[in-house]
Amino acid sequence: MNSNDQRGTPRRAFLQAFGTGIALGMLPWTARGAEGRLKVGIVGSGRIGGTLGEIWHKAGHAVMFSSRHLDDDRALAKRLGDRAQAGSPREAVVFGAVVLMAVPFGALPALGRQLGGVLKDKPVVDACNPFVHRDGEIASWARQKGAGLASAELLPGARIVRAFNAISYARLPEIAERKGGEPVGMPMAGDDAQAIALASRLVRDAGFEPVVVGGLAMGKYLIPGTPLAGEHTPEEIRKIAATLS
Ligand SMILES: NC(=O)c1ccc[n+]([C@@H]2O[C@H](COP(=O)([O-])OP(=O)(O)OC[C@H]3O[C@@H](n4cnc5c(N)ncnc54)[C@H](OP(=O)(O)O)[C@@H]3O)[C@@H](O)[C@H]2O)c1
């Protein structure tokens, strides 16, 4: 063995390990290329939006946080680092291949007007719940109409998928980090296949197994206080959903 071989051995070992890493898909998305990530626009960067944004960022996605307080969103993005940024709600919607809407339901009418055309055809994961004590009259209307159909009317043109509605934000980090054990299902409702596919990917990347319980009309059951709320296995969700439709 000559001295060149001795110098070359560690480098070859590194390159072999690097190649293996690529083959096994074990490297972070930056090494795997952009196809491994999604751009996620987040409107409402509070408990649910901020927590999910952080989880998806950790999973390798690029996120843009937005609210009415840009400085807070900038601070959050700065804490996460690369692939996280902040902008206005409009910028977040334009940025996202998929958008998470995570604001009090009462904010949706004004947001819908403010966002206007940029929502057209946008896949939107709708985590928002109507509560009369918090959101007022709009929540009574939304509960009568059904939460999913109501969001679709307030955010015209958006391809709405309801998800993450009835699980506490405080449980999300632990579920995202879980290794093994019984899967936790995420009930989802939507009418658009492509939007459901994108939302399902985000659901999986947050550690849940997606369970589509039906079209957007089923979104009325995806609020706290219904039998689908809380944590269930995918099988339990299917059984419960069958009793509802
Ligand atoms: N907390 C949970 O565990 C949980 C679970 C599932 C679903 N949800 C639902 O998710 C939604 C958000 O709940 P949350 O607990 O995350 O509330 P939160 O902690 O109060 O966060 C709400 C976020 O929305 C922003 N926001 C409020 N009005 C806005 C507007 N007009 N335009 C843009 N951004 C606005 C707030 O920021 P600024 O005030 O700075 O604008 C904040 O970043 C609610 O509909 C809730 O029912 C909550």
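How many residues surround the ligand, and which are the closest? The structure is a predicted model, where local features need pLDDT of at least 70 and side-chain atom pairs count only at pLDDT 80 or more, while totals for chains, interfaces and linings use all residues. Residues are numbered from 1 along each chain as its sequence is written.

As for the ligand, 25 residues surround it, and the closest are G44, G46, S67, R68 and N129; a residue counts here if its C-beta atom, placed from the backbone, lies within 6 Å of the molecule. By type, the shell splits into 14 nonpolar, nine polar and two charged residues (Ala, Val, Leu, Ile, Met, Phe, Trp, Tyr, Cys and Pro count as nonpolar, Asp, Glu, Lys and Arg as charged, and the others, Gly among them, as polar). At least two shell residues come from each of α3 (47-58) and α6 (108-115), with α3 giving the largest share, three residues. Helices (H or I, at least four residues) and strands (E, at least two) are DSSP runs, numbered from the N terminus.

Next comes the sheet. It is open, with eight strands in the order β3-β2-β1-β4-β5-β6-β7-β8 and mixed pairing; strands pair if DSSP finds at least two bridges between them. At the edges sit β3 (84-86) and β8 (209-214), each pairing on one side only. From one strand to the next, the twist averages 25°. Further in, β6 and β7 pair in the antiparallel sense over two bridges, and R162 stands opposite A189 in β7.

Helix α4 (residues 70-80) touches β2 (62-66) and β3, its direction making about 170° with that of β3. Helix α9 touches β5, β6 and β7, at about 150° to the direction of β6. Axes are lines fitted to C-alpha atoms, for helices over the stretch in contact, and angles run from 0 to 180 degrees between N-to-C directions.

Helix α9 (residues 147-154) is mostly covered, with six of its eight residues buried, namely A147, G148, A150, S151, A152 and L154. Buried means 20 or more other C-beta atoms within 10 Å of a residue's own, all placed from the backbone. The cover includes α6, β5 (123-126), α8 (137-145), β6 (159-162) and β7 (185-190).

Finally, the largest nonpolar core has 72 residues, of which V43, L100, M101, V125, M188 and A199 touch the most other members. Such a core is a set of buried Ala, Val, Leu, Ile, Met, Phe, Trp, Tyr and Cys residues joined through C-beta atoms within 7 Å. Helix α11 (residues 193-205) supplies the largest share of this core, six residues. Leaving aside neighbours within four places in sequence, V125 is in contact (C-beta atoms, placed from the backbone, within 7 Å) with residues including V98, L100, F164 and A199.

Definitions and conventions:
A residue is buried if 20 or more other C-beta atoms lie within 10 Å of its own, exposed if 12 or fewer, and partly exposed in between; C-beta atoms are placed from the backbone. Two residues are in contact if their C-beta atoms, placed from the backbone, lie within 7 Å.
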